[in-house]
Amino acid sequence: MARKNKSILHLCLILFVVTICTGKPETAVAQPAPALEILQLVNSFRVTNGLPPFQLNSALTIAAQTHADWMAANIIFDQHVEDNGSTPQSRAAAAGYVGRVVENIVGGTGMTPHQGLIWWQNSPVHYNTLVTTRYIEAGVGYASNGGANFYVLLVGVPADHPGAPPPNTTNDSPEPLFITPIELAQPREDGSIVHVVQPGQALWSIAAYYEVPLSELLLINNLTPDSFIKPGDEIIVRLPDGASLPPTPTPPLTHVVQEGESLWSIAARYNLKLADLLWFNNLTEDAILRPGDELMIRLAPGQSPPPTPTPILTHVVRAGQTLWDIALTYGLSLDELLAYNGLSAEAIIRPGDVLFVRPPVPTAVSEMSPTVTPIPQPSPTPSPTFTPVPTEATMSVRSETETAVSPTPTPIPETGNALITWGGTLLLIGLMILVGAIYFLRRNL
């Protein structure tokens with residue numbers, strides 16, 4: 001038993017020394033394919049709307065996966081707070097995340113990642129999470145049970161990030177999506193699809209299940225986002241074969257804000273991307289609207305648009321990120337990211353490194369390429385000119401000349417000395433700890 005304990009202590013000691021010398025390894029978070037797919041879909045949607053993609057964060061991913069597993073185990077679609085009282089904020093903190101978070105959840109029988117994204121797009125509060133500029137990182141979770149699929153998107157902003165909201169324990173996640181099962185209608189003989197509204201169903205949920213844009217559903221049925229539907233109403237989902245969509249009404253140039261309206265509802269009314277509405281009016285998603293405010297809806301003929309934000313070209317590596325994480329964040333394959341940066345799969349990246357996330361343009365490459373300062377070379381020593389003298393003097397002059405032109409040793413750069421000294425110090429400390437511990441163990445065990 002003493003020998004076994006001694007072996008365990010030796011192993012722990014060796015691991016301790018190795019950890020001192022090499023650093024703590026990163027914890028890998030295994031993710032099912034649907035979770036990765038929904039993050040790619042969300043980031044693609046953000047890029048389409050002129051927004052930067054969410055940065056994948058391992059702590060948020062652990063918290064999101066934990067809640068997805070709980071939802072699937074209990075077949076619960078609509079709870080952010082678990083039975084033990086945990087909230088999105090407390091789950092993120094337990095996983096090691098220091099900052100503010102907000103959570104989107106959705107689930108349904110046979111629900112695909114694409115359907116989950118449409119659900120969030122068609123719900124105003126969940127849409128705000130997708131297009132947020134306040135939160136910059138995300139984790140995703142997916143679980144399945146009995147044919148029902150559950151998705152969690154947890155987005156956050158570090159506490160030390162500029163403009164981060166003050167941390168508190170309030171759960172400000174959107175209201176959950178309560179899912180009323182929808183049975184898809186079959187096409188009629190003329191190719192049209194008509195859905196009969198059932199209790200608890202809404203226009204946005206019908207659009208999500210049939211995977212059609214809400215704006216198209218409203219246009220076909222001559223409805224507005226505020227239209228009221230009731231059980232028994234027939235909603236045209238697809239027109240008969242050969243039929244064309246009704247002409248889209250020409251929107252006005254501006255809109256006067258009415259009581260109760262939001263940026264999202266105004267964008268949906270005019271079939272605008274929220275990002276475009278914000279862009280036209282130089283607003284952020286947190287802007288407060290007041291009745292009577294006038295917003296630009298579209299550009300007048302000949303009017304120049306505001307400057308378009310410069311597309312993201314590079315990414316600054318943050319602590320804990322890997323090449324795979326960064327590729328996933330920007331919707332790239334690992335091979336593409338490596339090719340853009342001239343790296344191999346074994347390359348080591350460090351916080352602060354700058355990586356291309358789009359094909360670099362020649363001007364950007366020249367600006368970012370390191371400038372190498374050539375090491376100055378010493379001027380050659382001129383050969384001495386000798387004056388003929390007697391033999392003894394000549395020998396003396398030759399001796400002095402040889403001494404004068406002897407090559408001067410090149411000093412080792414100070415940086416190299418520092419690195420060698422630091423590495424040797426670390427190795428010496430590790431060996432001293434190892435020898436001292438073995439001596440102690442042999443004396444006492």
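Trainee: Which residues of H10 are the buried ones?

Mentor: They are Leu 274, Ala 275, Leu 277, Leu 278, Phe 280 and Asn 281.

Trainee: And what follows H10?

Mentor: Asn 282 does, and its phi is positive, near 55°. Most residues other than glycine have a negative phi.

Trainee: Before I go on, what kind of model is this?

Mentor: It's a predicted model, where local features need pLDDT of at least 70 and side-chain atom pairs count only at pLDDT 80 or more, while totals for chains, interfaces and linings use all residues. Residues are numbered from 1 along each chain as its sequence is written, and side-chain values use heavy atoms, with hydrogens and water left out.

Trainee: What's the mean pLDDT of the chain?

Mentor: The mean is 74, and 67% of the residues reach 70 or more. pLDDT is the predictor's confidence in each residue, from 0 to 100. Over residues 1–29 it is below 50, and that stretch has 22 contacts beyond near neighbours in sequence. Residues 385–420 are also below 50, with five such contacts in the model. A contact means heavy atoms within 4.5 Å.

Trainee: Why should I care about low pLDDT?

Mentor: Where pLDDT is low, the predicted coordinates should not be read in detail.

Trainee: OK, zooming out: how many helices and strands are there?

Mentor: The chain has 15 helices and 10 strands. It has 445 residues, and 36% of them are buried. Of the contacts with a separation of 6 or more, 70% are between residues 24 or more positions apart.

Trainee: New topic, sheets. What order do the strands E1, E2, E3 and E4 take?

Mentor: Those four form an open sheet in the order E1-E3-E4-E2, with mixed pairing. Two strands pair if DSSP finds at least two bridges between them. The edge strands are E1 (55–56) and E2 (99–109), each pairing on one side only.

Trainee: Which way do the pairs run, parallel or antiparallel?

Mentor: E1 and E3 run parallel, joined by two bridges, and Gln 55 stands opposite Glu 137 in E3. E3 and E4 run antiparallel with nine bridges, and Tyr 142 has Tyr 151 in E4 as its bridge partner. E2 also pairs with E4 (residues 148–158) in the antiparallel sense, over 11 bridges. There, Val 101 has Gly 156 in E4 as its bridge partner.

Trainee: Is E3 mostly covered or mostly open?

Mentor: Strand E3, residues 137–145, is mostly covered, with seven of its nine residues buried. The hairpin of E3 and E4 has two residues between the strands, and Gly 146 in that hairpin takes a positive phi near 65°.

Trainee: Which residues have a positive phi without being a glycine?

Mentor: Ile 75 is one of them, at about 50°, and Asn 222 is another, at about 55°. Ile 75 is in the loop between helix H3 (58–74) and helix H4 (88–94), and it is partly exposed at 43% relative accessible area. Asn 222 is in the loop between helix H8 (214–220) and strand E6 (234–238), and it is exposed at 71%.

Trainee: How many aromatic pairs are there?

Mentor: The structure holds three. In one of them, the ring centres of Phe 45 and Tyr 127 are 5.9 Å apart and the planes are at 75°, so the pair is edge-to-face. Rings of Phe, Tyr and Trp (its six-membered ring) pair if their centres lie within 6.5 Å; planes under 30 degrees apart count as stacked, over 60 as edge-to-face and the rest as tilted.

Trainee: Where do Phe 45 and Tyr 127 lie?

Mentor: Phe 45 lies in helix H2 (residues 33–48) and Tyr 127 in helix H6 (residues 124–130), so the pair ties together parts that are 82 residues apart in sequence. Phe 45 is buried at 14% relative accessible area, and Tyr 127 is buried at 8%.

How values were computed
Buried < 20%, exposed > 50% of the residue type's maximum accessible area, 1.4 Å probe, protein only.
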